[in-house]
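Subject: Structure handover

Hi,

Here is the structure for your files. Please open it alongside this note. My findings follow below.

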Amino acid sequence: MAMRQETAVVLGPGGMLGTAWLAGLAAGLRREGFDLAKADLTIGTSAGAIVGATLAAGQDLERLAVLPEADGEPAVKTDHDRLNEVFAILGDSTLEPAAALRRVGRLALAAETGAEEAHLARMEFLIGASEWPEGRLLIPAVDVDTGEPLVWEQSSGVSLVAAVASSSAFPASAPPITINGRRYMDGALRSGTNADLAAGIQTVIVIEPLAHLFPANMPHHATAVRLAPDPAAQEVLGDLNNRAAWSSVYHAGARQAAEAAKLIEPVWVR
């Protein structure tokens with residue numbers, strides 16, 4: 001008897017609005033009969049960690065169609081001056097990658113972005129769950145001090161909320177998260193979508209909110225389907241931290257689901 005093919009879903013980074021697009025697309029795909037939570041492996045990075053955890057925990061994605069506004073001043077804020085420095089370092093091809101990440105880590109620690117507790121609370125609200133799901137979920141992050149990447153999973157002994165918060169803590173946009181006495185920042189700094197973690201899985205569906213800006217390396221030796229924002233979604237994505245555009249971007253993702261389902265249909269094992 002032939003062995004059943006395994007499927008991995010890779011959800012990439014994309015800032016606040018990338019989260020909205022991913023949530024809308026995943027909700028729309030669920031309505032189309034493709035529940036991404038059924039994948040054997042989910043790899044979620046940054047925005048993808050938020051939606052991946054929400055999916056894997058069996059939460060209702062449609063509750064994310066509207067993002068409630070926080071009362072008063074935002075508890076987590078962007079340090080724009082240091083954010084510009086972060087991008088300058090990441091874009092400097094003369095720097096050795098590990099050294100660049102350590103410099104970025106120092107900026108992450110120095111940035112005025114608000115309290116860790118606020119970021120943790122926000123992530124728990126978005127995920128709608130605090131316990132690791134039964135299915136296999138991988139969430140990459142990067143050590144602020146060493147620049148070394150690591151991948152959280154259920155066996156790591158780290159809370160789901162802390163894992164997601166660390167993976168979505170982009171330097172100067174959110175505070176690094178303390179786990180077991182060390183600080184961790186955004187998992188996208190490891191390798192973009194981190195699709196390499198799906199090596200060995202026969203069917204891989206890579207969903208990239210920022211594919212139009214940063215093309216990803218697709219996994220080798222796999223049947224791979226790549227989903228990215230279409231031109232209409234790209235238009236509303238714009239400023240990835242524009243809270244006012246959340247619902248528009250969510251619905252843009254949901255509208256794409258019908259076309260995305262046609263791409264998934266030939267490879268999806270129901």
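Which residue of β4 is the bridge partner of Val 142? It is Pro 149. Strands β3 (residues 136–143) and β4 (residues 149–152) run antiparallel, paired over four bridges. Two strands count as paired if DSSP finds at least two bridges between them. Five residues separate the strands in this hairpin, and Gly 147 has a positive phi near 75 degrees there.

Some ground rules. The model is predicted: local features need pLDDT of at least 70, side-chain atom pairs count only at pLDDT 80 or more, and totals for chains, interfaces and linings use all residues. Residues are numbered from 1 along each chain as its sequence is written, and side-chain values use heavy atoms, with hydrogens and water left out. Helices (H or I, at least four residues) and strands (E, at least two) are DSSP runs, numbered from the N terminus.

Now the cores. A nonpolar core is a set of buried Ala, Val, Leu, Ile, Met, Phe, Trp, Tyr and Cys residues joined through side-chain atoms within 4.5 Å. Buried means under 20% relative accessible area (1.4 Å probe, protein chains only). The largest core has 60 residues; Leu 29, Ile 139 and Trp 152 are among those with the most contacts inside it. Helix α1 (residues 15–31) gives the most, with nine residues. Apart from this core lies another, of 15 residues, including Leu 83 and Ile 89.

Val 164 is also among the residues with the most contacts in the largest core. Leaving aside residues up to four places away in sequence, Val 164 touches Ala 49, Ile 50, Ala 53, Met 123, Ile 127 and Ile 139 (contact: heavy atoms within 4.5 Å).

Methods. Buried < 20%, exposed > 50% of the residue type's maximum accessible area, 1.4 Å probe, protein only.
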